[in-house]
Amino acid sequence: MNKLWISAGIELQDGADLNTVKSALNQLVADTVKEPGCIKFEILQQQDKPECFTLWECWVNGDALKAHFEAPHTVAFLENNYTKVNYIERLQMNTAA
């Protein structure tokens with residue numbers, strides 16, 4: 001089975017409160033790791049740019065990721081418009097042939 005790995009960079013929207021966003025991101029992680037198909041979901045804050053975060057995610061497949069974006073907690077987080085996405089990388093493990 002090919003797992004789907006995601007690396008994404010996000011940052012605060014102009015005017016967003018850092019502590020509010022950090023709290024919302026922590027709740028997003030707590031809810032997301034309970035989703036079927038979620039193998040890993042971590043959000044790390046950049047030390048030199050505290051308004052920027054990196055998401056590391058691993059899903060059993062693309063359908064699990066699609067379901068994540070339809071989950072009520074994900075929809076609610078995105079509706080708050082706390083962050084903007086700088087990049088998204090869809091990755092797979094490099095395995096020897």
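Reader: Which residues does Trp 59 touch, not counting residues up to four places away in sequence?
Author: This is a predicted model, in which local features need pLDDT of at least 70 and side-chain atom pairs count only at pLDDT 80 or more, while totals for chains, interfaces and linings use all residues. Residues are numbered from 1 along each chain as its sequence is written, and side-chain values use heavy atoms, with hydrogens and water left out. A contact means heavy atoms within 4.5 Å. With residues up to four places away in sequence not counted, Trp 59 touches Lys 3, Leu 4, Ile 6, Thr 32, Glu 35, Gly 37, Cys 38, Ile 39, Phe 41, Ala 64, Leu 65 and His 68.

Reader: Is His 68 buried or exposed?
Author: His 68 is found in helix α2; helices (H or I, at least four residues) and strands (E, at least two) are DSSP runs, numbered from the N terminus. Beyond four places in sequence, His 68 touches Thr 32, Glu 35, Phe 41, Trp 59, His 73 and Thr 74. A residue is buried under 20% relative accessible area, exposed over 50% and partly exposed in between (1.4 Å probe, protein chains only). Because its relative accessibility is 3%, His 68 counts as buried.

Reader: What distance separates the end C-alpha atoms of helix α1?
Author: The expected span of a helix is 1.5 Å times one less than its number of residues. Helix α1 has 15 residues (residues 18-32), so its span should be 21 Å. The model agrees, as the end C-alpha atoms are separated by 21 Å.

Reader: Which residues of α1 are buried, and what arc do they cover?
Author: An α-helix has 3.6 residues a turn, so residues three or four places apart point the same way. In α1, the buried residues are Val 21, Ala 24, Leu 25, Leu 28 and Thr 32. They lie on the same side of α1 because, taking the directions from the helix axis to the C-beta atoms, they cover an arc of only 100°.

Reader: Which residues are exposed on the other side of α1?
Author: The buried residues of α1 are covered by elements including β1 (4-12), β2 (38-45), β3 (52-59), α2 (62-70), α3 (72-79) and β4 (83-91). On the other side of α1, the exposed residues are Asn 19 and Asn 26.

Reader: Is Val 21 buried or exposed?
Author: Val 21 is found in helix α1. Beyond four places in sequence, Val 21 touches Leu 12, Ala 16, Tyr 82 and Thr 83. Because its relative accessibility is 1%, Val 21 counts as buried.

Reader: What is the phi of Asn 81?
Author: Asn 81 lies in the loop between α3 and β4, and at 49% relative accessibility it counts as partly exposed. Most residues other than glycine have a negative phi, and most peptide bonds are trans. Although Asn 81 is not a glycine, it has a positive phi of about 55°.
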